[in-house]
Amino acid sequence: MRFLIAMPRFAPMGFAYDFPLGLGYVSAALKRAGHEVHCLNLNHEPGEFEDVLERKVREIDPDVFATGGLSPHFPIIAPLFSAARRAKPGIVNLVGGGIFSSDPDAVAPLLDIDIGAVGEADETVVELASALEAGQGLDKVAGLALRQSDGGLRRTPERKALHDIDALPWPDYEGFGVDRLLSMQTAADNSLFHFVDEPRALPMVASRSCPYACTFCFHPIGRIYRERSLDSFFAELKDAVDRLGVNLLLVNDELFAVKKRRLMEFCERIGEFGIRWTAQMHVSILDAEAIAALKKAGCVHASYGLESMSDTVLASMKKKIDRTRLETALRLTHEAEIGIQGNFIFGDSAETLATADETMAWWARHREYHISLSLLQVYPGSPVYHRALAEGRGPAREDLIKETPAVNLTSMTDEEYRRFRFRTAIFRMTLTEPHPPLAFDVDDRPLPHRAETYHLAWECPRCGRRNDLRR
């Protein structure tokens, strides 16, 4: 069975992007099962991405075209299925990821697809490929949604969560040209920034899903939290360091380390690599001992789910944390000189002008943490999405899927909410903690596909250390 798997174009040509591990895992699973898999990374191909895909379909004549991603990626994913169909009308179009699993019945009419994989697709696609190759029916392949002649969907049995994630092959990095991605990265390529000059940053996962039920979040592969063995994780990391020259690790778990004991063991074992790394963590397991271990182990950036400094809003969001715990984790992390990434999200159903002012006032007094401000987004599949639909809030269902907009779910009037949105935008743009650069000049070593790169030097407002980064 011949597959073409396309990675959507996430960034302008020549710029780095976040490598989608889901596609890498699916490609690796199909290749291990003996299927012919062609990978197309549209981030590395010049020209209009739809034209590039059409040419590739005509060139290799695949039986199945597959791609996927998350709900916010809708505008760059939907055109790909139409392009594949134009190039080969009889092709089987397969979609996966949160963009489909979030609300299959509503999403399917918006995409030119034949089959959707619901939930984890690693095993699903292999069974699907075998059934298609043998000319068998697909009703016994769990985890599928099949497009019917009337445009509706027929669902097959639910796919149970894969518990032994050690059994999966490592992601197919090479198939999607990861070395080119590593070579084009610069220190300022994403909102977290990188922490080494000329970074070669690779994402990996140590676990799957998240056990929490935050109201604004949708888990594409369910809420059954599974941890990968650390032996498996560090074997892959060693290979990445030795073979790909990786010098910065991005632990891409939805939630890294639910228990402190695992966090401490991870920190002990990663130290031998001498590599810098980042992860997203829950503040419930972080105390002075854990923060010290993170610092010693080379963790340079911690991403926390903060959301609010109002205990009322935190409880409504089902965050399972309180303001005191957040403040302690932020203070300890800052004192350890570990970078912090976090957001305050305004617009929960319990949000009032008073709770919003409580969070905003705290944020204004603690700009040293560099916390971002944002409005609650209604992501398809999330509890707030279903609430917005049930209460008739915001735009139509189709527009919620295509745009994932901010919707007023609060008790504020629409006018109060509009004014608050404006105030949030002004604060976000003005109440920052800038620091004058010591140098900002054109670097003499341009990267391919970029007009020019820069040398930047500045003094850290926290510790006074000079930072020099090129490219």
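How exposed is K31, by relative accessible area? I looked it up: K31 is partly exposed, at 35%. My cut-offs are under 20% relative accessible area for buried, over 50% for exposed, and partly exposed in between (1.4 Å probe, protein chains only).

Ground rules first. The model is predicted, so I note that local features need pLDDT of at least 70 and side-chain atom pairs pLDDT 80 or more, while totals for chains, interfaces and linings use all residues. Residues are numbered from 1 along each chain as its sequence is written, and side-chain values use heavy atoms, with hydrogens and water left out.

**Salt bridges**

I took a salt bridge as a side-chain nitrogen of Lys or Arg within 4 Å of a carboxyl oxygen of Asp or Glu. By this rule I get 36 salt bridges.

I checked K31 with D172: N to O is 2.7 Å. K31 sits in helix α1 (residues 21–32) and D172 in the loop between β7 (153–155) and α7 (178–184), so the bridge ties together parts 141 residues apart in sequence. Helices (H or I, at least four residues) and strands (E, at least two) are DSSP runs, numbered from the N terminus. D172 is buried, at 9% relative accessibility.

Next I looked at D122 and R208, a salt bridge at 2.8 Å, N to O. D122 is in helix α6 (residues 122–134) and R208 in strand β9, 86 residues apart. D122 is buried at 6%. R208 is buried at 9%.

I also found E50, E54, R58 and R86 joined into one network by salt bridges that share partners.

**Helix α14**

Which residues of α14 (residues 383–391) are buried? I find V384, Y385 and A388. They lie on the same side of α14, because their arc around the axis is only 105 degrees, taken from the directions from the helix axis to the C-beta atoms. They pack against α5 (104–107) and α15 (397–403). G392 follows α14, with a positive phi near 70 degrees.

**T215**

I placed T215 in the loop between β9 (207–208) and β10 (226–227). T215 is buried, at 11%. Its contacts (heavy atoms within 4.5 Å) include S316, D348 and V384, leaving out residues up to four places away in sequence.

**Surface patch**

I noted F422, I426 and M429 as a nonpolar surface patch, with about 330 Å² of accessible area together. F422 is in helix α16 (residues 414–430) and is exposed at 56%. Patch residues have over 30% relative accessible area and no salt bridge; like charges are joined within 9 Å, nonpolar side chains (Val, Leu, Ile, Met, Phe, Trp, Tyr) within 5 Å. Areas are Shrake-Rupley with a 1.4 Å probe; for residues, only the protein chains shown count as cover.
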